[in-house]
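Hello,

Here is the structure I promised to hand over. Please open it, then read the notes below.

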Amino acid sequence: MNDVLESLFQAFTFKIAPLLASILISIAYLPQIWKTWRTKNVEGVSLWFWIIINAFLFCMWSNSLGSLIYDGRLGYFITETINWLFALIQLILVIVYRKK
């Protein structure tokens, strides 16, 4: 029985949880992107926050690219690409709509 629990824990820890986390964080961007696009108002939104998040996500994307090339982890690469794409869209919106 311990072997079954250990296998389930490993599957959750190394496969299900990271994929689920990537999907959820990607979905979390959508309301902010929609609100920014619709209102064209970025008052109170930190430009530096989005710059730093995008730098971080570029590093994560680079890691996922390496994992794809060397380990064949396509799911990780796809979710990190989507995650970075949504953050990049929000950064562009913040830059475009901020008051000069």
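First, a definition: axes are lines fitted to C-alpha atoms, for helices over the stretch in contact, and angles run from 0 to 180 degrees between N-to-C directions. Helices are DSSP runs (H or I, at least four residues), numbered from the N terminus.

This is a predicted model, where local features need pLDDT of at least 70, side-chain atom pairs count only at pLDDT 80 or more, and totals for chains, interfaces and linings use all residues. Residues are numbered from 1 along each chain as its sequence is written, and side-chain values use heavy atoms, with hydrogens and water left out.

Now the helix pair. Helix α2 (residues 47–71) packs against helix α3 (residues 74–97) at about 160°, and their axes lie 9 Å apart. So α2 is roughly antiparallel to α3 (the term covers angles over 145 degrees). In the contact of α2 with α3 there are 19 nonpolar residues, 7 polar and 1 charged. Here Ala, Val, Leu, Ile, Met, Phe, Trp, Tyr, Cys and Pro count as nonpolar, Asp, Glu, Lys and Arg as charged, and the others, Gly among them, as polar.

Next, α1. A kink of about 40° is centred on Phe12. That bend is the angle between axes fitted to the seven residues ending there and the seven starting there. Buried residues in α1 include Ser22, Ser26, Tyr29, Ile33 and Thr36 (buried is under 20% relative accessible area, exposed over 50%, partly exposed in between, with a 1.4 Å probe and protein chains only).

Last, Lys99. Lys99 sits in the segment after α3. Lys99 counts as exposed because its relative accessibility is 74%.

Best wishes

Notes
Helices (H or I, at least four residues) and strands (E, at least two) are DSSP runs, numbered from the N terminus. Angles under 35 degrees count as roughly parallel, over 145 as roughly antiparallel, 65 to 115 as roughly perpendicular and the rest as oblique.
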